[in-house]
Amino acid sequence: MSTRLPSRGRSRLAAVAAVTTVAALALTACSSGSDDASSSSTEGSHAVTGDASQVEVFTWWASGSEKLGLDALVKVFGTQHPDTKFVNGAVAGGAGSAAKDLLASRLAKHDPPDTFQAHAGAELQDYIDAGQVEDISSLYDEFGLRDAFPQDLIDRLTVDGKIYSIPAGIHRANVVWANPKVLEFAGVDPATKYSSLQDWMKDLEKIKKSGKQPLAIATTWTQVQLLENVFLADLGPEGYSGLWTGVTNWNGATVKAALDDFSTLMSYTNKDRDGLDWGDATQRVIDGEAAYNIMGDWAEAAFEEAGKKSPDDYTYFPTPGTDGMYDFLADSFTLPVGAQHPGGAKAWLDSLSSRDGQVGFNKAKGSIPARIDADPSQFSPYQQDAMASFKQDIIVPSLAHGAAVPVSWLTKISDATAKFTTGDSDVTQFQADLFQAAINH
Ligand code: GAL
């Protein structure tokens, strides 16, 4: 049985072209507010200096495998910067569902943490436009990062020649995680390859008839992540990216067909979903209560934490219809304007960008290092496959994880999705709401 993530083997050139389009999309309309922002540590790309006695690190990695990832990084930090005290500012809630609101209110009150987690792309752009994060380009020179990260990624992070964050690693959001024993119980061959969502739905039906839950899901953001997977599968990378650039018609028949597929997939999910977070849904696959979970590859860390081994205990494959596409997101850390301990933030950024920091963190987190000099053999088979895919697949920006659209648009899409999945499931109304969200966010 293969658990490899196959790829259509598109040329790197095609991938780079797609990345460039996506980067242009995510980084357009930039008007950096850093010029008029008061700086605690830097002006423009000046050196970062200041109080290094401690660092408050704001994330949403508060429990489970996510906390293990953070712990792994803190361990490296403790070795590299023993004189700087780590202060854990984690706020629970997957995908930052609670953390982002709290962060927004702290930033509005000019009470920022010393560094915070943000998604590379449109989400980070929001903070840049609001003048809430410093230009830390100088750290790229000081830490020797310009050659350590792939040029594509540096381009994606650069806004008007400035860089405002340092990525901790790269996640993939279009992965299906499966329990082979549940599949066999339902008479489904775990090695089956699916070319489309329609193809896959036939087996979801079989699993339903076996009495097991076909697809485990959780609260709204995980449903939005399912929606992005469906758009990617049904519209392809150009059609998907066109949703965020205005090229794909939100009122058209292709979007309607995708929403019908989303509706069908939701009918195979657990009804108690809105009270669950991602870890609960993934756990149902781990425990053999559900067959599948579509989840970012932080799920890999959850299977590992549970002591499960692939391919006997779990398998994985790109969401049917998305083979050869890498639904990308990157957790990137910042230096907020007005941070009290900029020297502490600098120390944290130094550790998370170091080879030891990236290896320690990503090994534990399920993601792959942003650095190009990590040794793949140190990582799990899943992560080795992901590293290979990232090099050759078409890269598209994640919707649910801040790469594709600004927070204001994502909020409206999330509201429309919650209305659809908790209400009367009217696809026509859902499409109208998504159209409104696209023109009015
Ligand atoms: C994403 C984040 C990941 C992981 C996930 C689930 O937004 O980038 O690192 O934490 O949420 O909480």
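**Entry 1: a pair with Asp 373**

I looked up Asp 373 and found it partly exposed, at 31% relative accessibility, where partly exposed covers the range between buried, under 20% relative accessible area, and exposed, over 50%, with a 1.4 Å probe and protein chains only. Its partner in a salt bridge is Arg 371, with the closest N and O atoms 2.8 Å apart, and I noted that Arg 371 counts as buried, at 15% relative accessibility. I use salt bridge for a side-chain nitrogen of Lys or Arg within 4 Å of a carboxyl oxygen of Asp or Glu.

**Entry 2: what I am reading**

I remind myself that this is a predicted model, in which local features need pLDDT of at least 70 and side-chain atom pairs count only at pLDDT 80 or more, while totals for chains, interfaces and linings use all residues. Residues are numbered from 1 along each chain as its sequence is written, and side-chain values use heavy atoms, with hydrogens and water left out.

**Entry 3: other salt bridges**

How many salt bridges does the rule give? I recorded a count of 16 salt bridges, and one of them joins the side chains of Glu 142 and Lys 346 at 2.7 Å, N to O. Because Glu 142 belongs to helix α5 (residues 137-142) and Lys 346 to helix α13 (residues 342-353), this pair ties together parts that are 204 residues apart in sequence; helices here are DSSP runs of H or I with at least four residues, numbered from the N terminus. I also noted that Glu 142 is partly exposed, at 44% relative accessibility.

Within helix α8 (residues 197-210), Lys 202 and Asp 199 are 3 residues apart, or about one helical turn, and their side chains meet in a salt bridge of 3.8 Å, N to O. I found Lys 202 exposed at 57%, whereas Asp 199 is partly exposed at 24%. I then listed a network of salt bridges that links Glu 56, Arg 106 and Asp 111.

**Entry 4: around the ligand**

Which residues come nearest to the ligand? Of the 14 residues around the ligand, I wrote down Glu 66, His 119, Asp 331, Lys 365 and His 401 as nearest, counting a residue as near if one of its heavy atoms lies within 4 Å. A polar side-chain atom of His 119 is 2.8 Å from an oxygen atom of the ligand, and for His 401 a polar side-chain atom lies 2.7 Å from a ligand oxygen atom.

Methods:
Helix = DSSP H or I, 4+ residues; strand = E, 2+ residues; numbered from the N terminus. Polar contact = N/O pair within 3.5 Å; in protein donor to acceptor, adjacent residues only side chain to side chain.
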